[in-house]
Amino acid sequence: QYSPDSVAGADGELDPTEISLPGCSCRSSSCAAPQCPCLSRGHNYSGLCLRDTEQGRFARPVFECNALCRCGESCQNRLVQRGLRLRLQVFRTQRKGWGVRTLEFIPRGGFVCEYAGEVLGWAEARRRIQAQRPEDPNYIIAVREHLHDGRVLQTFVDPTHVGNVGRFLNHSCEPNLVMVPVRVDSTVPRLALFAATDIPAGEELSYDYSGRFRNSLGSSREQQPGEEENRLRKPCYCGSQTCASFLPWDSSLFSSP
């Protein structure tokens, strides 16, 4: 089932459509920092939300103006919520199954699409991933936001049965997209993918499943799997010079709490 936005999972633990964040009282049609409280929480789309991570620092959080804000729909701080605006094409790759390529030029920092699906709690995500067979495709993504005070916020999204074009994006060890958690109406983040570099028309789009790309060292849970876990690993066919030979591995959902 195609859905442009994430939906509540079958476990009903989290509802990404719930309006739980306060809105701004800006009277202009487009908000500006530092007056707007939504913009004051972070750099948003000035490009700094991408550059900070390149330098190994904590990125500022991104909050868009939401349904409770008094600004207009044309506000510059409404981007991801507008959804996909580019011409993308799902196509059959030679070795990686389905993939996605752009039919138009995408400038660096441009919003591409969201990775949308069912938003699951940890228990349901763990149940689903443990029920998978080695030959089954795995679409469940675990995103961890490492806060400056040591806390870690976890978000699990599964587009296996409900999702958007983002489910067809392949992994690359040298990707051209970077994922940024963006909050709009809810504290549940939208997993937004931005161009990490200028991308010419016709190029396949990809991101790093491990989260290492443009993130601080140590932020990934990727581990060297044991011999028994190796049977679950899938080969990587990204073809980059720094290819790790296998797709990223995160064993946290396979272990006990």
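Residues 24 or more positions apart supply 67% of the contacts in the protein chain that have a separation of 6 or more, a contact being heavy atoms within 4.5 Å. The model is a predicted one, in which local features need pLDDT of at least 70 and side-chain atom pairs count only at pLDDT 80 or more, while totals for chains, interfaces and linings use all residues. Residues are numbered from 1 along each chain as its sequence is written, and side-chain values use heavy atoms, with hydrogens and water left out.

On the whole-chain level, 44% of the 257 residues come out as buried (under 20% relative accessible area; exposed is over 50%, partly exposed in between, with a 1.4 Å probe and protein chains only). The secondary structure amounts to three helices and 12 strands, taken as DSSP runs numbered from the N terminus (helices H or I, at least four residues; strands E, at least two).

Now for the sheets. Strands of a sheet pair through backbone hydrogen bonds, in either the parallel or the antiparallel sense; here two strands pair if DSSP finds at least two bridges between them. An open sheet of four strands runs in the order 2-10-11-5, with mixed pairing. Its edges are strand 2 (62-63) and strand 5 (111-114), each of which pairs on one side only. Strand 2 lies parallel to strand 10 (residues 177-183), joined over two bridges, and Val-62 has Val-182 of strand 10 as its bridge partner.

Elsewhere, strand 7 (residues 141-146) and strand 8 (residues 152-158) pair antiparallel over six bridges, with His-146 opposite Val-152. The two make a hairpin with five residues between them, and Gly-150 in the turn has a positive phi of about 100 degrees. Strand 8 turns up again, along with strand 6 (118-120), in what covers the buried residues of helix 3. In helix 3 (residues 122-131), those buried residues are Glu-124, Ala-125, Arg-126, Arg-128 and Ile-129.

Back in strand 5 sits Glu-114, which counts as buried because its relative accessible area is 5%. As for Arg-167, 53 residues away from Glu-114 along the chain, the two C-alpha atoms are separated by 9.3 Å.
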